[in-house]
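Please look through the sequence and the model below before reading on. The paragraphs that follow lead from the overall surface to individual side chains.

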Amino acid sequence: KFAPALAAQHLAGYLRGTEWWGQSFSEPESGSDLASLRTRAVDDGHGGFVVRGRKIWTSKALESEVCLLLARTDDVPADATAAERFGGLSLFLVDLDPRYVDIRPLPKAGRNAVASCEVFYDELPVEPGLYGGHPDGAAGAVARLTDTFSYFTIWSNVVVAISATLL
């Protein structure tokens with residue numbers, strides 16, 4: 001619906017298990033309150049974006065070549081309602097290019113804990129076509145969905161929701 005070319009390029013590999021995607025939603029200042037995200041994706045004037053910011057608890061970052069990223073593309077007024085704070089979020093599938101991305105593993109909080117990382121995005125260029133959502137579409141829906149439920153119980157449903165949204 002929003003990015004069929006993006007889905008055609010990446011979704012089959014993810015569903016076959018031959019391509020890993022990281023999940024880059026939470027931020028140190030936001031935690032699981034995704035409506036308060038500060039990572040920015042700025043229009044580069046050529047159909048792409050440039051990402052700046054920091055994410056935490058990014059699962060699969062070390063094993064992945066790409067990452068699902070929620071970033072703010074539009075500002076939200078200070079007096080916005082809880083529902084309106086999800087406006088201005090966009091969903092991207094970004095390359096974890098080490099020239100622009102610094103991935104730092106976080107210590108595990110137990111033997112069976114999920115491996116997570118802190119990820120720093122420093123002027124990461126996002127090519128046209130790797131944009132999978134906009135403030136009134138996929139990104140807001142995904143953010144509201146993941147903000148409502150636990151990451152661990154909802155992750156597979158998020159992938160299905162993203163898949164349905166992109167197709």
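Accessible areas come from the Shrake-Rupley method with a 1.4 Å probe, and for residues only the protein chains shown count as cover. The accessible surface of the protein chain comes to about 8700 Å², and carbon and sulfur atoms account for 55% of that surface. This is a predicted model, in which local features need pLDDT of at least 70 and side-chain atom pairs count only at pLDDT 80 or more, while totals for chains, interfaces and linings use all residues. Residues are numbered from 1 along each chain as its sequence is written, and side-chain values use heavy atoms, with hydrogens and water left out.

The protein chain contains three helices and seven strands; helices (H or I, at least four residues) and strands (E, at least two) are DSSP runs, numbered from the N terminus. Along the sequence, their pattern is α-β-β-β-β-β-β-β-α-α. Of the 167 residues in the protein chain, 46% are buried, where buried means under 20% relative accessible area, exposed over 50%, and partly exposed in between (1.4 Å probe, protein chains only).

The structure holds one aromatic pair. Rings of Phe, Tyr and Trp (its six-membered ring) pair if their centres lie within 6.5 Å; planes under 30 degrees apart count as stacked, over 60 as edge-to-face and the rest as tilted. F49 and F92 form this edge-to-face pair, with 5.0 Å centre to centre and 70° between the planes. The pair links distant parts of the chain, since F49 lies in strand 3 (residues 49-59) and F92 in strand 5 (residues 89-95), 43 residues apart. F49 is buried, at a relative accessible area of 11%, and F92 is buried at 1% relative accessibility.
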